[in-house]
2 protein chains.
Amino acid sequence: MASAIMERMKAEQEAQERLGHLQGFAYPSSSRTFKSSPDESFRVPCRTVNLSNGEHLDLYDTSGIYGDPAAEIDVKKGIPLLRESWLQARSDIEIIKPASDTAGLSSPKVTRKGRAGSNITQFALARAGVITPEMRYAALRENIGDPHNTVTPEMVREEIASGRAIIPANINHPEAEPMIIGSRFRVKINSNIGNSSVSSSVAEEVEKMVFSAIYGADTVMDLSTGSRIHETREWILRNSPVPIGTVPLYQALEKVKGVAEDLSFDVFRDTLIEQAEQGVDYFTIHAGLLRRFIPAAAKRLTGIVSRGGSIMARWCIAHHQENFLYANFDEICDICASYDVAISLGDGLRPGSQHDANDEAQFGELKILGELAERAWQKGVQVIIEGPGHVPMHLIKENMDLQKDYCHNAPFYTLGPLVTDIAPGYDHFTSGIGAAMIGWLGTAMLCYVTPKEHLGLPRRDDVREGLMAYRIAAHAADLARGHPAAMAWDNAMSKARFEFRWEDQFALSINPERARKFHDEDLPEECHKNSHYCSMCGPKFCSARLSREIKNLSQEEIDKCLTAE
Amino acid sequence: MASAIMERMKAEQEAQERLGHLQGFAYPSSSRTFKSSPDESFRVPCRTVNLSNGEHLDLYDTSGIYGDPAAEIDVKKGIPLLRESWLQARSDIEIIKPASDTAGLSSPKVTRKGRAGSNITQFALARAGVITPEMRYAALRENIGDPHNTVTPEMVREEIASGRAIIPANINHPEAEPMIIGSRFRVKINSNIGNSSVSSSVAEEVEKMVFSAIYGADTVMDLSTGSRIHETREWILRNSPVPIGTVPLYQALEKVKGVAEDLSFDVFRDTLIEQAEQGVDYFTIHAGLLRRFIPAAAKRLTGIVSRGGSIMARWCIAHHQENFLYANFDEICDICASYDVAISLGDGLRPGSQHDANDEAQFGELKILGELAERAWQKGVQVIIEGPGHVPMHLIKENMDLQKDYCHNAPFYTLGPLVTDIAPGYDHFTSGIGAAMIGWLGTAMLCYVTPKEHLGLPRRDDVREGLMAYRIAAHAADLARGHPAAMAWDNAMSKARFEFRWEDQFALSINPERARKFHDEDLPEECHKNSHYCSMCGPKFCSARLSREIKNLSQEEIDKCLTAE
């Protein structure tokens with residue numbers, strides 16, 4: 001026990017040291033570049049891979065300042081306030097004194113709120129016909145790598161106005177680079193971080209957020225349930241270039257010392273305001289778990305696997321009352337609307353096993369989420385819908401079809417789904433299969449799963465492995481949906497492979513370090529990087545080598561081959 | 001360079017040492033058990049997982065003798081000749097003197113061939129209405145874990161007779177446990193092993209085969225292209241409990257010192273006979289790559305990625321003649337029919353990139369494979385059809401549909417497919433997504449891909465990781481297709497998870513060692529194996545714990561919750 005505590009302290013110290021020397025991460029053969037808006041009034045950061053044949057490939061980039069090798073980063077001060085001038089220019093929001101402290105950071109970020117009577121959300125503004133700076137920024141990002149610049153600011157506005165997309169951008173998170181979540185855009189991925197009472201520290205969580213940004217997370221959820229939840233979140237927010245989501249119920253439960261029965265809407269309301277003032281961009285709210293679904297959930301093989309869902313179910317049973325999140329949903333919406341926090345309607349009754357997939361409890365809740373989405377829209381609040389979970393392949397399409405129907409095409413945000421339960425240790429993969437499929441069918445964001453799922457809290461390297469699996473799933477979905485920039489990436493890789501440009505292959509892969517390491521196990525020398533073979537087949541059997549010789553034949557030689565008897 | 005050679009020698013020595021001390025592998029909480037035939041005349045080995053609550057789960061097992069902790073294994077002598085008494089009892093086959101040597105082994109295996117005028121294959125016998133011992137054995141294996149014993153020997157006979165399934169069981173590979181490949185049966189997986197001129201040794205290859213059997217490969221292909229090909233294969237065959245496949249063209253090329261232009265059907269014929277006498281159970285034959293497809297392939301982004309395909313294309317161009325495998329296909333069939341070697345019709349023109357998927361060259365060859373399948377059946381030869389490759393998700397179904405149509409429902413045997421090319425280092429996963437999907441659609445066998453794909457020759461641990469990914473894909477496909485035994489496994493795992501039977505969760509997982517290791521990173525103590533939480537959430541937030549309490553409520557308590565205002 002004592003050694004476990006020592007280990008925890010050591011891990012925290014080491015993370016603190018690394019954060020003290022944080023430098024921008026440089027992908028190989030790549031540079032930080034910018035794509036300018038058509039009128040050149042602003043620009044968005046990209047990663048450009050510079051290939052050895054003089055060509056280049058522009059890639060969408062989530063790393064923010066962490067992808068800039070020249071950047072000076074001091075996590076105590078936070079990262080630059082990208083949106084500050086846009087926020088200052090607005091007349092519908094005002095600066096207020098926050099309810100809570102800044103947790104020891106010295107960021108210049110101020111706290112804001114919508115003026116009484118104003119509709120300040122991206123959704124309300126979109127409906128009013130306004131194209132905001134956030135919409136322009138997100139639209140331009142979507143066009144990285146797409147020579148046709150398919151996405152226009154007007155298209156973004158329309159998708160948001162219809163409820164089919166959101167830009168999660170709390171007015172109190174000015175550091176984040178705006179991005180859009182919706183089925184007509186690139187499939188996005190989320191990484192989950194956060195401590196538990198058993199594991200992790202503030203420094204390690206900040207590091208996981210940095211890793212997440214570098215390795216491709218479009219948003220990050222801080223799901224801390226242990227100690228120092230407020231402080232952890234503040235350090236994350238002030239240093240995060242990507243939107244941050246939370247489940248406020250967790251901190252509310254911490255405030256009542258972990259006793260679910262002691263929860264109340266008062267405690268919850270205070271928590272919402274505290275987190276909204278800090279700058280959380282979206283809240284998971286388990287308002288769809290009505291008490292009448294509890295018997296059906298009790299019959300299941302694996303009951304309720306959602307933390308928030310099991311907490312609310314317990315509360316309902318203890319108080320003999322309807323779920324207080326449902327009962328007070330209007331007020332929740334009013335609070336969210338004041339800061340433009342999006343609501344992620346939680347799937348407290350998602351299935352936790354193949355056995356329970358697509359059951360009465362799950363779809364009963366989904367219908368309620370559809371009703372709640374409409375109520376949230378009436379209040380001007382942006383909405384996404386959370387989804388499963390554990391679903392065998394043949395039942396995945398039904399999930400997408402019913403969600404579109406019940407929830408009026410609001411963006412779907414699934415956790416996988418896992419397509420089998422037999423492989424703990426590999427659940428980033430079992431769920432990546434389902435995620436790729438449901439992304440192809442129209443799911444807007446995929447919440448990752450790491451190799452530690454069902455076994456323990458993910459560490460920094462688990463976060464990276466989960467992200468690798470989910471970048472693959474999201475990209476495969478983009479490719480299957482015909483996204484213009486997706487095929488360009490695959491083609492660049494295939495061309496590099498066929499032409500034996502090994503350094504380019506490594507630079508173009510989602511994990512260049514690993515690709516190089518695997519190649520170098522057998523062929524580590526510098527000269528091997530020009531070899532027209534690898535250790536799989538050797539020179540005589542390399543099909544790419546043989547194939548290139550065929551490609552270089554003249555038409556005459558080919559004709560001779562075809563016509564001779 | 002010298003150090004690379006030293007490393008290779010060291011790796012070989014260490015593998016030799018390990019093989020010298022080979023003992024049966026014991027999965028945790030498991031025992032080697034047997035399922036008896038209804039008339040109790042024979043039995044097939046299973047692995048039974050003994051759970052801590054007194055229940056058990058029977059699992060299909062590919063490990064053969066390597067899964068028997070009590071077995072004495074001497075790789076120099078080979079493993080027991082399981083089918084020897086069945087072969088001795090047959091009057092349609094005779095013992096002959098083999099053309100080649102036994103490579104230093106002292107196995108009692110003799111060499112056999114079909115008597116002139118006899119039709120000895122499983123296919124011919126099935127058509128004649130005969131249910132062979134191999135069919136009974138394979139049928140019984142399919143029923144492991146299925147209380148309904150859905151598969152009957154007659155069903156197996158009919159599937160083979162119709163060409164929809166095969167039992168690859170060369171009369172010269174008496175060591176192998178018969179198994180069936182077909183869309184009505186469990187989805188099977190294959191691992192690829194074999195040296196190259198750059199890497200590996202006989203001992204390391206034998207070890208990869210043993211690893212393959214232990215970790216779930218239903219068949220293994222020895223794709224050696226380096227040195228000592230005959231010897232490597234002999235050691236593998238005499239020690240393999242699973243069917244072995246090869247691409248005879250590789251050894252034929254080795255015989256002409258790697259010069260494709262020097263190949264001839266004479267060299268190829270000799271190679272076929274040599275390998276058939278050794279006991280290879282199925283040959284990949286690239287007879288569908290007709291010269292008229294070469295221009296279309298030359299236009300591609302990644303040309304021809306099949307080794308055999310690129311070799312044959314080169315030969316056609318050099319000789320201005322039709323592919324000699326196609327030209328001599330009848331004789332190839334006659335040879336295969338004499339030993340009951342199945343033919344795996346090679347997809348020499350499979351796409352090697354997303355860009356090239358489903359193109360004219362690929363489907364042109366597929367049509368020819370359908371014609372060749374019919375010709376093979378006329379000669380009594382068992383047939384499977386090889387498939388892609390690299391295919392984005394939205395194009396996968398077309399592959400399955402066309403293959404069923406062109407190839408008259410012969411079993412489909414795909415390599416993945418990879419659903420994106422951007423992730424070398426993770427291609428077991430990019431291809432596992434496509435494999436799961438195409439398995440669900442009806443593909444009978446999935447050829448694995450390891451993390452080393454596109455980068456280098458897989459080593460022993462890469463073999464295991466490839467198998468983990470493919471066991472997941474195949475099982476997910478079985479689950480989606482409603483296989484009775486598949487859901488039982490998922491349910492057993494989910495139940496163990498919900499009841500916090502941690503040791504049972506580990507024992508039931510496809511990689512018990514890894515599951516335990518991940519769990520123990522944070523909670524290593526013995527007492528933790530009874531904890532009603534893990535480090536993901538800790539005790540207060542564990543949804544399974546909260547959920548179980550809900551499950552234990554009385555009906556009265558639930559009613560009170562629902563009815564109170």
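The model is predicted, and local features need pLDDT of at least 70, side-chain atom pairs count only at pLDDT 80 or more, and totals for chains, interfaces and linings use all residues. Residues are numbered from 1 along each chain as its sequence is written, chains are lettered from A in the order in which they are written, and side-chain values use heavy atoms, leaving out hydrogens and water.

The size of an interface is often given as the accessible area lost when the parts come together. Between chain B and chain A the buried area (the accessible area, 1.4 Å probe, that two parts lose on being put together, summed over both) is about 10,400 Å², and carbon and sulfur atoms give 67% of it. Of the area that chain B buries against chain A, B:I422, B:Y426 and B:F541 supply 8%, more than any other three residues. Contact (heavy atoms within 4.5 Å) takes in 121 residues from chain B and 121 residues from chain A.

Eight salt bridges (a side-chain nitrogen of Lys or Arg within 4 Å of a carboxyl oxygen of Asp or Glu) are found across the interface of chain B and chain A. One of them pairs B:E549 with A:R314, whose closest N and O atoms are 2.4 Å apart. On the side of chain B that touches chain A, the largest share, 10 residues, comes from helix α17 of chain B, residues 460–480 (helices, H or I, at least four residues, are DSSP runs numbered from the N terminus).

Helix α17 of chain B also holds B:A473, which is buried (under 20% relative accessible area, 1.4 Å probe, protein chains only), with a value of 0%. Leaving aside neighbours within four places in sequence, B:A473 is in contact with B:G432, B:A435, B:A436 and B:L446.

How values were computed: Helices (H or I, at least four residues) and strands (E, at least two) are DSSP runs, numbered from the N terminus. Buried means under 20% relative accessible area, exposed over 50%, partly exposed in between (1.4 Å probe, protein chains only).
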